[in-house]
Amino acid sequence: RAKELGKSRFKVFNRKMHDQALQLMELETDLRRAVDLREFEVVYQPVVRLDTRQVCGFEALVRWRHPEHGIIGPGDFVSLAEDTGLIYAIDNMVLEEACAQVRRWQSLSVDCDGPLSVNVNISGKHFGQSMLAGQISRALEDSGLAPGSLNIEITESALMDNPNVAEEILLQLKDLGVHICIDDFGTGYSSLSYLQRFPIDVVKVDRSFIIAVDKDPDSQAIVRTIFSLGESMGLKIVAEGVETSGQLDFLEREGCQFVQGYFFYKPLTVTEVDNLLEGQRRA
Ligand code: C2E
Ligand code: MG
Ligand code: MG
Ligand code: MG
């Protein structure tokens, strides 16, 4: 009996693995087609300056408009895109589109202590490629966006996987005049010395430290430390994933300058940003 049970469980397990493998293969085929047919959309989450509550820039976030499954978020396809090498095409598409879009928004002349900026995520896998600086410089040229308006977001692990290559690429990017932003700061288990070694401009405090920052003393200590580190090193700090007024109160008390999160805005479509900027212009 036990044997039978074991056997059928084994079968079920096998069946499930088989189905998963099939699903993955199907998703891969779909993803290739999506890249060819440009089934992607870019949404924009505002970055808010806390003292004035003004929108100063946006993070470009990719969405896949799947013909049958509807909108798929990057959490469900970026790692497959990385494994298959499709991420290069996807990152480039987002880069080109986001630069052109934000250039258009800049011409609506809604200034926030300087022109609107845009943050573009580059996969760690893509980051190590020597073509990156060339692709960025082409996107800037094609769009007419000033290099200083573009922040390239990379994770700590992207830098630390191969620090020598990373250093070379970062220097190329600095030569172009774009800004370097560390995404998900604090989650990479790496030494802080890279902040000194690399030309970093912006650090984004990971959402995991913000979640309980209104009540958890450990989160508070970590966030305070990042803020003072940022201040002493001349880094711009952005808190990500701010959802509640309690979190915001703490961040304001601690002198946080920039936040991103559902408390102010979710990622928005182009039309939604058009309306938002129109409102900000009138105000
Ligand atoms: P990320 O770069 O850390 O982006 C922040 C993520 O947090 C976004 O998820 C955003 O929608 C979400 N978020 C923002 N505010 C809040 C909040 O208040 N609460 C909560 N719970 N979530 C919030 P999204 O758009 O699903 O993107 C997930 C990740 O996928 C991004 O994390 C980024 O690593 C990656 N990604 C997105 N777009 C691209 C892209 O064009 N290229 C590459 N390589 N990766 C991308
Ligand atoms: Mg990001
Ligand atoms: Mg992040
Ligand atoms: Mg994150």
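## Contacts of ligand 1

In this predicted model, a backbone N or O atom of Tyr262 lies 2.8 Å from an oxygen atom of ligand 1, a polar contact in the sense of a pair of N or O atoms within 3.5 Å. A polar side-chain atom of Glu243 lies 2.5 Å from a nitrogen atom of ligand 1, and an N or O atom in the side chain of Glu59 is 3.0 Å from an oxygen atom of the ligand. The protein covers 80% of the 800 Å² of accessible area that ligand 1 has on its own, where accessible areas come from the Shrake-Rupley method with a 1.4 Å probe.

## The shell around the ligand

There are 22 residues around ligand 1, and those that come nearest are Arg63, Asp91, Asp183, Glu243 and Tyr262; a residue counts as near if one of its heavy atoms lies within 4 Å of the molecule. The elements giving two or more residues to this shell are β2 (54-66), α3 (87-106) and β6 (179-185), with helices (H or I, at least four residues) and strands (E, at least two) taken as DSSP runs numbered from the N terminus. With four residues, β2 gives the most.

## The largest pocket

The space taken by ligand 1 is the largest pocket, in that more than half of the atoms of a molecule must lie within 2 Å of the grid points of the pocket in which it sits. A pocket is an open set of points, on a 1 Å grid over the protein atoms alone, with protein on both sides within 12 Å along at least five of seven lines, whereas a cavity is a set where a 1.4 Å probe fits but cannot get out; lining residues have an atom within 4 Å of a point.

The largest pocket has a volume of about 870 Å³, and of the 38 residues that line it, Glu59, Leu61, Pro74, Asn121 and Asp183 are the closest to its centre. Here β2 supplies the largest share of the lining, five residues.

## The largest cavity

A search of the whole structure finds one cavity of 30 Å³ or more, and about 60 Å³ of space lies in the largest cavity. Its lining includes Val47, Cys56, Ser117 and Lys236, and β2, β4 (117-121) and β8 (236-239) each supply at least two residues of that lining.

## Basis of the values

Residues are numbered from 1 along each chain as its sequence is written, while chains are lettered from A and ligands numbered from 1 in the order in which they are written. Local features need pLDDT of at least 70 and side-chain atom pairs count only at pLDDT 80 or more, whereas totals for chains, interfaces and linings use all residues, and side-chain values use heavy atoms, with hydrogens and water left out.

Note on methods. A polar contact is a pair of N or O atoms within 3.5 Å; within protein, one must be able to donate a hydrogen and the other to accept it, and residues adjacent in sequence count only if both atoms are side-chain atoms. Grid points are joined across faces, edges and corners, and a volume is the space filled by probe spheres set on the points.
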